[in-house]
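Please examine the structure shown below, together with its sequence. The paragraphs that follow lead through a few of its residues in turn.

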Amino acid sequence: MSRYHTTGINPDTNKPVDIFYGYDQVPGFTAGYFFQVYSREEIKPDPSGEGLLVNKGFLNGISKKELNKLAKHWQCKLKSV
């Protein structure tokens with residue numbers, strides 16, 4: 001598993017967000033990339049308070065093309081994948 005951190009911009013609010021991405025393989029699922037976006041503000045309906053906005057490819061990985069599309073949408077630069 002690889003896991004990297006960067007920052008991006010929420011396209012709906014123009015506020016900074018924390019982004020985690022990388023490559024993973026979970027036994028029994030499809031290997032691939034994952035992309036997670038966390039708000040820097042508490043989200044009230046979320047009982048965990050973690051503010052998870054996007055969780056793509058967590059178990060079944062996404063393609064590199066989809067990863068790059070998400071990075072562009074959330075205005076972040078991927079350092080390595």
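The segment after helix 1 is where Q75 is found, in what is a predicted model. Although Q75 is not a glycine, its phi is positive, at about 50°. Is Q75 buried, exposed or partly exposed? Its relative accessible area is 47%.

N14 belongs to the loop between strand 1, residues 4-9, and strand 2. The relative accessibility of N14 is 59%. Since a residue counts as exposed when this value is over 50%, N14 is classed as exposed.

The next loop to consider lies between strand 2, residues 16-24, and strand 3, residues 32-39, and it holds F29. With a relative accessibility of 36%, F29 counts as partly exposed. Which residues make a nonpolar surface patch with F29? They are F58 and L59, and the patch made by these residues and F29 covers about 280 Å².

Finally, attention turns to helix 1, which spans residues 64-73 and includes E66. E66 has a relative accessible area of 29% and is therefore partly exposed. How far apart are E66 and F35 in sequence and in space? Along the sequence they are separated by 31 residues, while in space their C-alpha atoms are 9.4 Å apart.

Note on methods
Residues are numbered from 1 along each chain as its sequence is written. This is a predicted model: local features need pLDDT of at least 70, side-chain atom pairs count only at pLDDT 80 or more; totals for chains, interfaces and linings use all residues. Side-chain values use heavy atoms; hydrogens and water are left out. Patches are made of residues with over 30% relative accessible area and no salt bridge: like charges are joined within 9 Å, nonpolar side chains (Val, Leu, Ile, Met, Phe, Trp, Tyr) within 5 Å. Accessible areas come from the Shrake-Rupley method with a 1.4 Å probe; for residues, only the protein chains shown count as cover. A salt bridge is a side-chain nitrogen of Lys or Arg within 4 Å of a carboxyl oxygen of Asp or Glu. Helices (H or I, at least four residues) and strands (E, at least two) are DSSP runs, numbered from the N terminus. Buried means under 20% relative accessible area, exposed over 50%, partly exposed in between (1.4 Å probe, protein chains only).
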